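Here are some notes on the model, for someone who works with coordinates. Please read them alongside the structure.

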Amino acid sequence: TGHYRRNINGRRDGLNAIISDGGVIYGFWLEGVGSRNATTRFKGYASFRRTAQAIARQDAPRILQVYAGLAARELGGA
């Protein structure tokens, strides 16, 4: 919540979608991939990893259909 949540943003760059935490210094620790996670009991929330897995598992075909259609139109196809 708060400062960290305000810094999470997404943008589209061509056919790529990028989600970022805006470089918040403690983002690695919150995600659980920082060096300090090994020395503390807090193992991280893994928000970005879990989101990527959910998209791959459930939403990838639907997202691909939408963006494949957009890409085809941009390239002069269908």
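1. Basis. This is a predicted model, in which local features need pLDDT of at least 70, side-chain atom pairs count only at pLDDT 80 or more, and totals for chains, interfaces and linings use all residues. Residues are numbered from 1 along each chain as its sequence is written, and side-chain values use heavy atoms, with hydrogens and water left out.

2. Elements. The chain has 3 helices and 2 strands. Their order from the N terminus is α-β-β-α-α. Both types are DSSP runs, numbered from the N terminus: helices are H or I with at least four residues, strands E with at least two.

3. Dimensions. The radius of gyration is 17 Å, while a compact globule of 78 residues would have one near 12 Å. That radius is taken over C-alpha atoms, and the globule rule is 2.2 Å times the number of residues to the power 0.38. Along the principal axes, the C-alpha atoms fill a box of roughly 55 × 25 × 20 Å.

4. Burial. Of the 78 residues, 12% count as buried. Buried means under 20% relative accessible area, exposed over 50%, partly exposed in between (1.4 Å probe, protein chains only).

5. Contacts. Among contacts with a separation of 6 or more, 19% come from residues 24 or more positions apart. A contact means heavy atoms within 4.5 Å.

6. Tyr-67. This residue lies in helix H3, residues 47-74. Tyr-67 counts as partly exposed because its relative accessibility is 34%.
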